[in-house]
Amino acid sequence: MQPFLTLTRRELAAYFLSMTGYIIIAAAVFLMGFSFVVLLEKLQMEPTPMPVTEVFYITQFFWLILLLAAPVITMRLFALEKFSGTLETLMTTPVSDLQVVMAKFLAALVFYAIMWLPLVACLLVVRHYTSDPTAFDFGAVGSTFLGILLLGCVFISLGCFASSLTRSQVTAAMISLVFGATLFFVGVLANQLPLRPGWQAQALDSLSFFEQMHDFARGVVDTRPVVLYLSLTGFFLFLTLRVVESRRWK
Amino acid sequence: MSEALMIEVENLTKRYSGHTALSNISFTVNRGEIVGLLGPNGAGKSTTMRILACYLPASSGTVRVAGLDVYHDSDEVRRRIGYMPENNPLHLDMRVREYLRFRARLKGLSRKRTNERVDTVMQQCDLTEVSRRIIGQLSKGYRQRVGLADALVHEPDLIILDEPTIGLDPHQIRAVRQLIKDLASSHTVLISTHILPEAEMTCNRMVIMYEGTILAADTPENLQRLMSGKGQVLAEIAAPVEDLRECWTQIPEIEYFDVSPAEGDYFRCALTPRDGLDLRPLVFNLARERGWALRELTRNRHSLEDIYVQVTRPDEEEEL
C-alpha cells in the first residue's frame, strides 16, 4: 500500500511541478468561462425551467472540456516515463504492475477532479445573483459532478491505455482523443438516427454518453450508465495492466 | 547452492525478435566482490543487467540473486538490488532530496528509516549541498551521484550500475570510481563499462563480453597478462635504421620486431619479447651504451579494441 500511495502522490505532484498542470487548468477555466458567458446570455433572454447545471451542460464547451482534457492529462503517464527511461527505474523497485497502473490512474483522476472545481465557482456566482432560490439545486449539482467524475473515469482509463502503448506523448494523446471522440460520437449518432427496434439500436443507445450525461446534469442518477462507466473503466485499466505486464512475457 | 554466491547466471539466453542478444552465458559473482562487465556496445552487458534487475525476462536459463530466482521471486530480488540503468534516467522535475525520499518510500522504507537513509546517502554521495536543487538543473556529475544515491538508499545487497561513469569529466569519473570502491566493503557491486582501465582500477574481477557471449572472466591482472600481447615494448630511437634492425635481430629475447620511421630522425620500434619478458631495461641500457637518443620507451598497454580484436580473432592478430 505504501508504494501505491507514494507513487500516487508523486504522479499528482508531477502535474504541479511543471507548467503542464497549470496550463491544463487554465485552458479548462477558459472554456468554462465561455460556457458561463453563453449561459448568462441565455438566462438574460428568457427564463428557463431547466436547472442551471443542465443549461451549463448543453453548451458545447462543456463537452469540449470533457473530450480534450482527458487525453492531455493522461498522455504523459506512461509515455513520458518510457521516453525518459524512468519506467525502468520504477519497474525495478518492489512495486507491482497493478500498483503502478492504479496509482497513475488515480493521480490523473484526482487532477481531473481538481480541474473541474472552478465550475463550482461559476455555479455559485449564478446562485448569488439570481432571485430564484431553486436555481441552484444541490442535488443536481451533486449528480452533475458525479457524472463528470464517472465519465472522467472512462476517458482517463482510456488515456492510460493509450499512454501505455507508446513512447510519444503526442501519439498517446492522439490515440485517446480519437477513441474518446469515437465513443462519444457513436452515442450522438445513435441519437440522430430514427428509432429502430433491435439489439443494434439498443447497443448504440446504451453508449450514448451525451444523453446519459444529460440525465446526470438534470439531477437524474440512472444506475445503468453508472455500471457501464465503471465497467468500461475496469476494462481499459485491465488492458493497460496487460500492456505494462507484456514487458515480462517470455 | 552456496551462500557465498550473490549472482548465479546459468545458461542464460535472451532473444529479442530477430536477434539473439545473449547466447547461453554463465557466470557467478561472490558476495563482496566488485565485478565489471566489460564489452563494446551491443555486447549484451545492459541486457544482462536488465535481466538481473528483473526488468526483462530471460528467454531461457536461470538467473538467481542471493539464491532467489529473478523471475519467480521478482519482488524479493528487487528489494535486494539497487539498480542504476544506462544513461541514469531521473525525474528531472523533482528536487534531489524529494526524489531520494520518493524512491526510498517506493522501495518500502518506513518514514523514519527514509529520513535516516536519505541523509546518509546524500552525505556518502556528496549531495548535501544540492539537496534543494532541481535535478534537471544539476550538472551531469551530480545527476550521476543522485542515481548512485538512489541505488544505495535502501541498503541493497547487490548494486548494479550500468555504465556509471559514461559522459563524465575525468575529475567526476575519479570521484565516482572512488565511491564505487568505498561501497565494496559492504556491498556486492556489478558495473558495466567499455573502458578497460576503469574496470582494471575498480574491479576485483572482470567478465568480458562480446556479441552476447562471455569471452573471458578473470582478475584484471590475469587478463592483462593474458591479453596485452606478450608485453610488447615501444621505443622511439634516433639511430640509423640498419643499426637498429641488426641490433634487434641479435638479441635473443626479442621474438620479432618492427621498425617504422617516426617524426624527425627517430624510428619507432615495436619489440615483442619471448615469454612475456620486460624488455625496457634492456633497450634502455643498449641505447645508453651505443649513445642513441631515446625519446620514448613504453610497454604496450592494449586498449580494449585491441583486446577484442585479439580475443575474437587471435590468429589474424598473431600474423601482424
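Chain B of this predicted model is divided into two parts, domain 1 (5-226) and domain 2 (230-300). The C-alpha centres of domain 1 and domain 2 of chain B lie 43 Å apart. Chain B contains 12 helices and 14 strands. Of the 320 residues in chain B, 39% are buried. Among contacts in chain B between residues at least 6 apart in sequence, 64% join residues at least 24 apart.

**The open sheet of chain B**

An open sheet of 6 strands in chain B has the order E6-E7-E8-E3-E9-E10, with mixed pairing. Strand E6 (81-84) and strand E10 (213-218) of chain B each have a single partner strand, so one side of each is left without a neighbour in the sheet. From one strand to the next, the twist averages 15 degrees. Helix H5 (residues 140-152) of chain B packs on this sheet, where it touches E6 and strand E7 (158-162) of chain B. The direction of H5 makes about 160 degrees with that of E6(B). Within the sheet, strand E3 of chain B pairs with strand E9 of chain B in the parallel sense, and Leu37(B) stands opposite Val207(B) in E9(B).

Strand E13 (residues 266-273) of chain B has alternating side chains. Phe267(B), Cys269(B), Leu271(B) and Pro273(B) point to one face and are buried.

| Strand | Partner | Sense | Bridges |
|---|---|---|---|
| E3(B), residues 34-38 | E9(B), residues 205-210 | parallel | 4 bridges |
| E11(B), residues 233-238 | E13(B) | antiparallel | 6 bridges |
| E12(B), residues 254-261 | E13(B) | antiparallel | 7 bridges |

**A helix pair in chain A**

Two packed helices are described by the angle between their axes and the distance between the axes. In chain A, the axes of helix H7 (residues 97-116) and helix H13 (residues 223-246) come within 9 Å and cross at roughly 130 degrees. H7(A) and H13(A) are therefore oblique to each other, and their crossing is right-handed. On H7(A), the contact is made by Asp97(A), Leu98(A), Val100(A), Val101(A) and Phe105(A). H13(A) contributes Leu237(A), Thr240(A), Leu241(A), Val244(A) and Glu245(A).

Conventions:
Residues are numbered from 1 along each chain as its sequence is written. Chains are lettered from A and ligands numbered from 1 in the order in which they are written. This is a predicted model: local features need pLDDT of at least 70, side-chain atom pairs count only at pLDDT 80 or more; totals for chains, interfaces and linings use all residues. Two strands pair if DSSP finds at least two bridges between them. Helices (H or I, at least four residues) and strands (E, at least two) are DSSP runs, numbered from the N terminus. Axes are lines fitted to C-alpha atoms, for helices over the stretch in contact, and angles run from 0 to 180 degrees between N-to-C directions. Two residues are in contact if their C-beta atoms, placed from the backbone, lie within 7 Å. Domain bounds come from an automatic or database domain assignment. A residue is buried if 20 or more other C-beta atoms lie within 10 Å of its own, exposed if 12 or fewer, and partly exposed in between; C-beta atoms are placed from the backbone. Angles under 35 degrees count as roughly parallel, over 145 as roughly antiparallel, 65 to 115 as roughly perpendicular and the rest as oblique. A crossing is left-handed if the near helix is turned anticlockwise from the far one by less than a right angle, and right-handed if clockwise.
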